Amino acid sequence: MLKKSLKQRQNPLSSSKHQLNVLANGIFKNGELPSFKTNLEKNNLFPLKPNPIEILQINLGYMCNQVCAHCHVDAGPDRKEIMTKKTMQHCLDAVKKSNIHTLDLTGGAPEMNPNFRWFVEEAHKIGVQDFIVRSNLTIIMANKKYHDLPEFFKNHNIHVISSMPHWTKGKTDKQRGDGVFNLSIEALKKLNKIGYGLKNSNLKLDLVYNPSGAFLPTNQNSLELDFKKVLYDDFGIEFHNLFAITNLPISRFLDYLLASENYEDYMYALVEAFNPKAVENVMCKNTISVGWDGHLYDCDFNQMLNLKLKGPAEHIKDFDEVLLKERSIQISQHCYGCTAGAGSSCQGSVV
Amino acid sequence: MSKTYYDPADLKKFGKITEWNEELGTKFFDYYRKVFEDGALSAREKSLIALAVAHVVKCPYCIDAYTKDGLERGITKEEMMEAVHAGAAIESGATLVHGVQMMKKYDKLSM
């Protein structure tokens, strides 16, 4: 079980430059597989242009109470990158002056940012349509100071989206750490108890499924049926939607793919499943990702690869939705992860 | 030349068999795709049957393919191993049931 981030272990893959090198060379350099750009060009989709911005996804910091084996953020207790209150204020200003209707807080564990509650309260006052917090569930149980999070979420009408890689303990703990399954079940029960995830409840509770290994997720609807049946039958737990998210070949998951000698087969599977229809709805088309330091990216994955958004407004303090609409989206081979099969986004399948 | 008969990379090239006989290759892959769609049996159930048969016919490509397919579908390792045992039981049963033929022949030839 992992205890430390790649960065803390001084693993070469903690460098975004090194990751981009891996993705640009090998099977993509020798022509065995086409680059993502080549595939977009073949389908007249290059350069990839955005639609109007609807979602602001804010990374409040890389600190997390868990060290998950597949984490694309390389998050963990040893990561100190945390968004400041000043940058949070810039985010609030950006939302106020734009047509953004969805706020999506992520991390790390966003709740570990010391100004998390202040930010949620301020953002709640603006009154966005959909206010998401990506909570890893165990944080609710981790420490007494987080035990009231379900109530706090409820009071601010937060839409909770949580990771749950499998309905069995073994698979969940292998990916996310020992004890995570039981704690997640307890946290889900707490959320259900105050109304989250119940049929006809306005308190939205969705789960995220990531495959726990070098394979792609299957049909999201059939997975949702399986999850719903087992979680209800075994634990009496209810939730609304399941989002199936493909693991992108970056950071810790890339490290795992290379170490287990699955990298080439995985990339073949992604390229083979390339679906031009999924490209039309990938999340970078309507989302802007804000890094903990305020820099803007086309998505959270590009943030982790330090592929900064290219355009006249590159920092949240300069946010301008009209200017941002003119940019071209930054791409590399990891983008195949979002365009495979039914596609993948932070809201699950896109086709 | 490859030093082994089986090369895992050949599985990715399976579709190439169509290049030498387009009509039959295409018909086979259309049939194959249709077989594994949801029907009276779910695609999940068919995946487990395919995994069991893969072991019985001892096809390493099929074992790789349907282990991965099972993982993608969220099928547990316990379910997969039970499917393999179901295949193995039929296979060993098929051997043992011939024992009746042996017994009959034995009795017929014996005084």
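Is A:Asp74 buried or exposed, and how many other C-beta atoms lie within 10 Å? The legends below take that residue first, then move on to other spots in this predicted model.

**View 1. A:Asp74, a buried residue with a positive phi.** To settle the opening question: A:Asp74 is buried, because 28 other C-beta atoms lie within 10 Å and the cut-off for that label is 20 or more. Its phi comes out positive, at about 60°, even though A:Asp74 is not a glycine. To find the residue, look in the loop between strand 1 and helix 3 (85-96) of chain A.

**View 2. A:Asn44, an exposed residue with a positive phi.** Here is another non-glycine with a positive phi, this time about 55°. Most residues other than glycine have a negative phi, hence the close-up.

**View 3. The cis peptide bond between A:Phe46 and A:Pro47.** Check the omega here: it is about -5°, so the bond joining A:Phe46 and A:Pro47 is cis, while most peptide bonds are trans. A:Pro47 belongs to the loop that runs between helix 2 (36-42) and strand 1 (55-59) of chain A.

**View 4. A cis bond from A:Gly107 to A:Gly108.** This one is a glycine pair, with the cis bond going from A:Gly107 to A:Gly108 and an omega near 20°. For A:Gly108, go to the loop between strand 2 (102-106) and helix 4 (116-126) of chain A.

**View 5. A:Cys338 and its surroundings.** You'll find A:Cys338 in the segment after helix 14 (321-324) of chain A. Setting aside neighbours within four places in sequence, its contacts are A:Val282, A:Gly343, A:Ser344 and A:Ser345. A:Leu270 is 68 residues apart from A:Cys338 along the chain, and their C-alpha atoms are separated by 9.0 Å.

**View 6. Where chain A touches chain B.** Eleven residues from chain A make contact with seven from chain B. What is the chain A side made of, in nonpolar, polar and charged residues? That side has six nonpolar residues, four polar ones and one charged one.

Definitions and conventions: Residues are numbered from 1 along each chain as its sequence is written. Chains are lettered from A and ligands numbered from 1 in the order in which they are written. This is a predicted model: local features need pLDDT of at least 70, side-chain atom pairs count only at pLDDT 80 or more; totals for chains, interfaces and linings use all residues. Two residues are in contact if their C-beta atoms, placed from the backbone, lie within 7 Å. Ala, Val, Leu, Ile, Met, Phe, Trp, Tyr, Cys and Pro count as nonpolar, Asp, Glu, Lys and Arg as charged, and the others, Gly among them, as polar. Helices (H or I, at least four residues) and strands (E, at least two) are DSSP runs, numbered from the N terminus. A residue is buried if 20 or more other C-beta atoms lie within 10 Å of its own, exposed if 12 or fewer, and partly exposed in between; C-beta atoms are placed from the backbone.
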